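Please follow this walk through a structure, which begins at a single side chain, passes to pairs of charged groups and ends with a strand and its partners.

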Amino acid sequence: MLTAAQIQEYNEVGAIVVPDVLTPAEVARLSAVTDGFVERARGLTGHTDIYDLEDSHSPEHPRVRRIKKASDQDPAYGALIRHPKILAVLRDLWGPDIRFDSAKLNMKCAGFGAPVEWHQDWAFYPHTNDDLAAVGVMFDDMAIENGPLMIIPGSHRGPIYDHHVNGVFVGAMDPGNRDVDYSKAIPLLGKAGSITVHHGRAVHGSAPNVSDRDRRLLLFQFRTADAWPLLGFAGGIEKFNSLMAAGETREPRLEHLPVRLPLPPAVKQGSLYENQKGMKSRFFAIPEAARTPEMAK
């Protein structure tokens with residue numbers, strides 16, 4: 001699936017976009033399933049085990065920002081865990097033995113889709129090695145105006161930054177710390193049916209959707225079979241082994257890597273969006289025209 005140049009780009013930048021992984025028919029099916037979930041959110045007054053709702057949601061005007069544990073919610077989502085082209089991409093990066101972790105559908109509806117503040121996935125779930133990546137499946141064309149995923153190139157080779165406020169995990173980096181040069185961020189753009197792959201240690205985030213088009217990205221977390229979670233196994237070792245997507249389970253491979261634990265846990269639980277409400281300052285709350293060079297560095 002991948003060329004040598006794409007593999008080099010992933011290793012150097014920490015992310016790639018792979019076009020034409022899903023067919024138009026597959027995208028249409030996934031979009032229809034998603035439309036059904038949004039319609040069934042009508043009448044809800046708060047978050048549930050399935051839905052994370054926009055702050056502007058109302059029972060009359062449903063606004064969904066995330067479908068939680070998406071692979072468990074509908075077979076159309078779950079089938080993508082073992083989609084042959086997605087697994088082919090991961091095999092090119094890692095080899096044959098691949099384990100699934102979790103999935104969520106992040107949705108930015110036209111005109112009001114919520115941002116995601118800068119963070120590293122590794123801060124949420126450190127493992128014995130860092131062969132971890134998120135695969136994002138585009139249901140819509142991703143352009144700069146509808147809040148695409150953005151990455152800080154090369155940040156997957158750097159430190160793990162503080163994602164705490166007053167000693168409590170909030171799942172985001174304080175922009176005032178100037179940990180990275182945010183002005184160097186690159187957007188991961190593509191057509192519906194493309195996928196993104198970003199490294200688990202890469203600093204990434206996304207701005208609000210200010211366009212008149214939706215932006216829906218189904219995110220799957222994958223890891224090599226020899227990457228074992230440092231925080232233990234939700235559901236036990238049997239559940240962990242059942243998550244194999246390709247190849248065979250492996251003994252843990254331990255590498256010398258920077259680690260911060262997401263403890264004490266975020267005060268607001270339920271989703272990344274809720275975790276990040278513990279922040280004192282936000283990058284994407286600052287109008288772009290008002291961001292100073294010092295803030296970008």
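Ser206 counts as buried, because its relative accessibility is 4%, where buried means under 20% relative accessible area, exposed means over 50% and partly exposed lies in between, computed with a 1.4 Å probe on protein chains only. The model is a predicted one, in which local features need pLDDT of at least 70 and side-chain atom pairs count only at pLDDT 80 or more, whereas totals for chains, interfaces and linings use all residues. Residues are numbered from 1 along each chain as its sequence is written, and side-chain values use heavy atoms, with hydrogens and water left out.

Ser206 belongs to strand β12, residues 203-206; strands (E, at least two residues) and helices (H or I, at least four) are DSSP runs numbered from the N terminus. If neighbours within four places in sequence are set aside, Ser206 is in contact, meaning heavy atoms within 4.5 Å, with residues including Lys108, Pro115, Gly147, Met150, Arg215 and Phe284. With Lys108 there is also a polar contact between the two side chains, at 2.6 Å; the term denotes a pair of N or O atoms within 3.5 Å, of which, within protein, one must be able to donate a hydrogen and the other to accept it, while residues adjacent in sequence count only if both atoms are side-chain atoms. Gln276 lies 70 residues from Ser206 in sequence, and the C-alpha to C-alpha distance between them is 13 Å.

Asp130 sits in the loop between β5 (116-120) and β6 (132-138), and Arg201 in the loop between β11 (195-199) and β12, so the pair ties together parts that are 71 residues apart in sequence. Asp130 is buried at a relative accessible area of 11%, and Arg201 is likewise buried, at 7%.

In another salt bridge, the closest N and O atoms of Arg216 and Asp140 are 2.8 Å apart. Because Arg216 lies in strand β13 (residues 215-224) and Asp140 in the loop between β6 and β7 (150-151), this pair ties together parts 76 residues apart in sequence. Arg216 is buried, at 9% relative accessible area, as is Asp140, at 13%.

Asp162 and Arg260 also meet through their side chains in a salt bridge, at 4.0 Å from N to O. The two residues link distant parts of the chain, 98 residues apart, with Asp162 in the loop between β7 and β8 (164-165) and Arg260 in the loop between β14 (244-246) and α7 (272-275). Asp162 is partly exposed at 29%, and Arg260 is partly exposed at 37%. Elsewhere, Asp52, Asp55, Arg65, Glu274 and Lys277 are linked in a network of salt bridges.

The last stop is strand β11. In a regular strand the side chains alternate between the two faces of the sheet. Both faces of β11 are covered, with Ile195, Val197 and His199 buried on one side and Thr196 and His198 buried on the other. Two strands pair if DSSP finds at least two bridges between them. β11 pairs in the antiparallel sense with strand β1 (residues 15-18) over 4 bridges, where Val17 has Thr196 as its bridge partner. β6 and β11 also run antiparallel, joined by 5 bridges, and Ala133 stands opposite His199.
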